[in-house]
Amino acid sequence: MNYLIVYAHPNKLSFNHALKETAVKFLTERGCNVEIRDLYEISFNPVLSSSDFITFSEGKVPDDIKKEQDYITKADKIIFISPIWWTSFPAILKGYFDRIFSYGFAYLYENHEARGLLNGKEALFISTTSTPYDIYKVRGYHDSLEMLQDEGILKFSGFKTLEHLFFGDVPFVTDIERKEYLLELERVLEKF
């Protein structure tokens, strides 16, 4: 099974990093092939530029976009790991979707209807917040994030989204609670 982890956090000391490392260890110990695209580490350019549009209009794909699309094509399952900042994911991950999930690769329109092209792939979103879990849940932010990310991006592109994990209050919980979060991730990965 081929897994791709798209990771979007700049701090290697973050809990997001621990989530990524836990996922990699868990999957590789079970014989899975795991590729990691650490968007900050690879200095991913998140800006969809006019030159990108020109290249697309010529029927070509810019090299850096094609490289990331190849990772997605090869993957059976994709895990997205990022914090939630200002009730959304970091700009670098938004730019990843803007540039990589392009028309003709992730979706197209036929008879004025959208059709996802990444069928047969499964995805898992993992999001962390500094806000307590219950506050996000009660205010409907989790539902909104699932609508935007799971439905609006992934399902639209043909993915089956298995779950969206939310870990709240991350900077303020105890180490024991963080370890519980990591165990919860492993339980979800067991199903995934």
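Leaving aside neighbours within four places in sequence, T22 is in contact (heavy atoms within 4.5 Å) with L182, L185 and E186. T22 lies in helix α1, residues 15–29, where helices (H or I, at least four residues) and strands (E, at least two) are DSSP runs numbered from the N terminus. T22 counts as buried because its relative accessible area is 14%; buried means under 20%, exposed over 50% and partly exposed in between, with a 1.4 Å probe and protein chains only. The model is a predicted one, in which local features need pLDDT of at least 70 and side-chain atom pairs count only at pLDDT 80 or more, while totals for chains, interfaces and linings use all residues. Residues are numbered from 1 along each chain as its sequence is written, and side-chain values use heavy atoms, with hydrogens and water left out.

**The chain as a whole**

- The chain has seven helices and seven strands, and read along the sequence these follow the pattern β-α-β-α-α-β-α-β-β-β-α-α-β-α.
- The radius of gyration is 17 Å, which agrees with the value near 16 Å that a compact globule of 192 residues would have; the radius is taken over C-alpha atoms, and the globule rule is 2.2 Å times the number of residues to the power 0.38.
- Taken along the principal axes, the C-alpha atoms fill a box of roughly 55 × 40 × 30 Å.
- Of the 192 residues, 47% count as buried, and among contacts between residues at least 6 apart in sequence, 77% join residues at least 24 apart.
- The chain exposes about 10,200 Å², of which carbon and sulfur atoms supply 53%, with areas from the Shrake-Rupley method and a 1.4 Å probe.

- Helix α4 (residues 91–100) is largely enclosed by the rest of the structure, because seven of its 10 residues are buried.
- Those buried residues are I92, L93, G95, Y96, F97, R99 and I100, and what covers them includes β1 (2–7), α2 (50–57), α3 (63–74), β3 (77–83), β6 (122–128) and α6 (141–155).
- Y103 is found in the loop between α4 and β4 and counts as partly exposed, at 49% relative accessibility.
- Not counting residues up to four places away in sequence, Y103 touches L108 and Y109, whereas the C-alpha atoms of Y103 and I72, 31 residues apart along the chain, are separated by 15 Å.

**Pockets**

- A pocket is, on a 1 Å grid over the protein atoms alone, an open set of points where a 1.4 Å probe fits, with protein on both sides within 12 Å along at least five of seven lines, and lining residues have an atom within 4 Å of a point.
- About 280 Å³ of space lies in the largest pocket, a volume being the space filled by probe spheres set on the points.
- The largest pocket is lined by 16 residues, of which F97, D98, F101, S102 and Y107 lie nearest its centre.
- α4 gives the most to this lining, with four residues, and α2, α4, β4 (107–110) and α6 each supply at least two.
- By class, the lining of the largest pocket has 10 nonpolar, three polar and three charged residues, where Ala, Val, Leu, Ile, Met, Phe, Trp, Tyr, Cys and Pro count as nonpolar, Asp, Glu, Lys and Arg as charged, and the others, Gly among them, as polar.
- The second largest pocket has a volume of about 180 Å³ and is lined by 13 residues, of which H9, N16, T128, V170 and P171 lie nearest its centre.
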